Amino acid sequence: MSEIKNMDFKYLMQNQQNINSSLSIQEQEKKQVIEYDSKIVSFRIGNQYYGIDIMMVKEILCEKRFTPIPNALEFVRGVFNLRGEIIPIIDLAKLFHLNVNYDTIPEEGESVIILKVENLLIGVIVEEIMQVFPIQKEKIQPPSSLLGSINEEYISGIIDIEKRLYVILDTEAIFGDKEKAKKEILPQESDLAEEFFTYFTNQVEEFAGIHIHNANKGKFRELYSSYVRENNIKDMPKLTKDDAGQILKNFYSVNTDSFWNQKQADSFTNVVTPLLNKIDNKKIKGMNVGCGNGYETFSLYFILRNICPDVQLIATDNNLGAISNASGIEVIDKEIPAWLEINKNFIKTGGNQYKIKKDINDQIYFEFHDAKNLSTDERKFHIIVARDLSLFMKESEYNQFLKDVAEHLVPNGILIVGDSEVVSSESFIRIDEQDFSVFIKK
Amino acid sequence: MRVEYINPFVESAMSVLKSTVSENVKRGTPKLSTSINNIQGVAIIVGLAGQVSGRVVLDMSEETALNVASSMNGERLDSLDELVSATLTELGNMITGNAITKLHELGFKFDLTPPALFVGDNLRLTDNKIEALVVPLELEEGNLCINVAIKENIYK
């Protein structure tokens, strides 16, 4: 009984309000001839009424068949061909999370309002289209934050027309919001740019035979923007094999194919010495994975030997030709920086050709080994240098490799990756260093 | 596996096969593999010890094995009998022994275990803690694979 009473009371209250408001309109109407300055198209979703500025509406139609888009967001019903123009169709009720069930779709089709927002056509599905009202803009009351289901920022206000409240939607705020539209509703410029970038990386991968993924994508993004800028490319980038080679060359860490310079040697010594001394100050066990033609290995070896005389270094690569050349590397005198002490560590083999002295060369174990099989190794290391290896492994393989590296490092062991590589493993902490990407095993 | 070890094994396999089996031996691209290798039907295994531990596996199909043994003996052999087994284990011994002699000259001290011959269908070789060098070799008698896995005993 009490419930019925309550409802009666509520109803009476509402009725009273309605009477009051209509009275006030009537009073106003008596005072002056109303000048309408705008029109709204009104429609209904569930038992709520809404309006959209008529200037935003291109047309209204009934349609049944929308072509669904796979993987689209929940509120995107599909696309629709409007006289040759493909427009996305959005379910307004779903977009605003209104609890409405369209169990029965009317035979003539669903009501669609085609909106024009910033040169973009978008169709929105509503439950029922009502009529067009002339309104006075000043009569629109600002939205209250208590309105609930529809986010306040998408509402320009509320208007009372013939005793009914209409929520005026701000279509520009909803669909004109560039960030939102780009991300959620339509494939726009940024998606396109992303597509171009993917196209670009695919070509680099194909030509150069490498893998681009999260560990190295950031740098390729930079390289892509500079490639686009330099070649003034506006659409789909088309690379040649040479382009891809050049781009890859710019990815590689500094001095991949030559001995490290004085500055690198100094900063390496400065950052690594205290870290290594903390682990073991009598012995250094190191591994240089992906040593290529050996420049990196010998640079590393000479630095480590200056830190501590007892160095055991293993250098590996899965390129048999490269690793065979690395052991017994032969260079010309100009390639040897002063800090490598040409007279002490090299012997002349004729002309300006120099070779690392055999007793030094024999200190390093060059091994034909695939970094993907690191788990088969039982040795532990204080330092592992693996620059730019992410290029030669798929993302899953690289992540496994990082796990294996963590496994093969002693506690607080050091990992050095390529200058442009990102290590997202939780096992490592990055050390602040300019010339090298240095990580410590937790 | 250390680069220094690769050539002695590959060269030894090539030269032994050339001198005892047939002149035309083609070498495929060396590959690295881990864990499971399917054995084609006949495997000759020679263990390595000393400053390293490891093993050499010569792997071929039964048909190739018979062809190789026939060529080595200079007569047609049609079943995997005593003579064929002895011939094949000797082949394994020669290849490995030859390689180890070369390695000795380079200053590496290896020892061998006596060769063992395994015959059977669906044989699998599993050793998950070692990376193996696999070199395919092509002969007129058929294809065979030399599979070398070596681990350093020092440097732990």
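Modeller: One criterion before we start. A charge sits over a ring if NZ of Lys or CZ of Arg is within 6 Å of the ring centre and within 35 degrees of the ring normal. Keep in mind that this is a predicted model.

Colleague: Over which ring does the charged end of B:R2 sit?

Modeller: The cut-off on distance is within 6 Å of the ring centre. The charged end of B:R2 is 3.6 Å from the centre of its ring. That ring belongs to A:Y365.

Colleague: How far is the charged end of A:R164 from the centre of the ring of A:Y49?

Modeller: Here, too, a charged end sits over a ring: A:R164 over A:Y49. The distance to the ring centre is 4.2 Å.

Colleague: Now the aromatics. How is the pair of A:W260 and A:F268 classed?

Modeller: The whole structure holds 19 aromatic pairs over all chains. In the pair of A:W260 and A:F268, the centres are 5.3 Å apart and the planes make 45°. Planes under 30 degrees apart would count as stacked, over 60 as edge-to-face. The pair of A:W260 and A:F268 is therefore tilted.

Colleague: How many residues apart in sequence are the parts that A:W260 and A:F436 tie together?

Modeller: A:W260 and A:F436 form a tilted pair, 4.8 Å centre to centre with 50° between the planes. A:W260 lies in the loop between helix 7 and helix 8 of chain A, and A:F436 in the loop between strand 19 and strand 20 of chain A. Both residues are buried. The pair therefore ties together parts whose separation in sequence is 176 residues.

Colleague: Which strands stand at the edges of the open sheet of five strands in chain A?

Modeller: The order is 8-1-2-10-9, with mixed pairing.

Colleague: Which residue in strand 8 of chain A stands opposite A:I40?

Modeller: Strand 1 (residues 38-45) of chain A pairs with strand 8 of chain A in the antiparallel sense, over six bridges. Opposite A:I40 stands A:F133.

Colleague: Which strands are included in what covers the buried residues of helix 13 of chain A?

Modeller: Helix 13 of chain A runs over residues 395-408. Its buried residues include A:Y398, A:F401 and A:L402. The cover includes strand 11, strand 17, strand 18, strand 19 and strand 20 of chain A.

How values were computed. Residues numbered from 1 in each chain as written. Chains lettered and ligands numbered in written order. Predicted model: local features only at pLDDT ≥ 70, side-chain atom pairs only at ≥ 80, totals over all residues. Heavy atoms only, no water. Phe/Tyr/Trp six-rings, centres within 6.5 Å; stacked < 30°, edge-to-face > 60°. Helix = DSSP H or I, 4+ residues; strand = E, 2+ residues; numbered from the N terminus. Buried < 20%, exposed > 50% of the residue type's maximum accessible area, 1.4 Å probe, protein only. Pairing = 2+ DSSP bridges. Expected span 1.5 Å × (residues − 1). Contact = heavy atoms within 4.5 Å.
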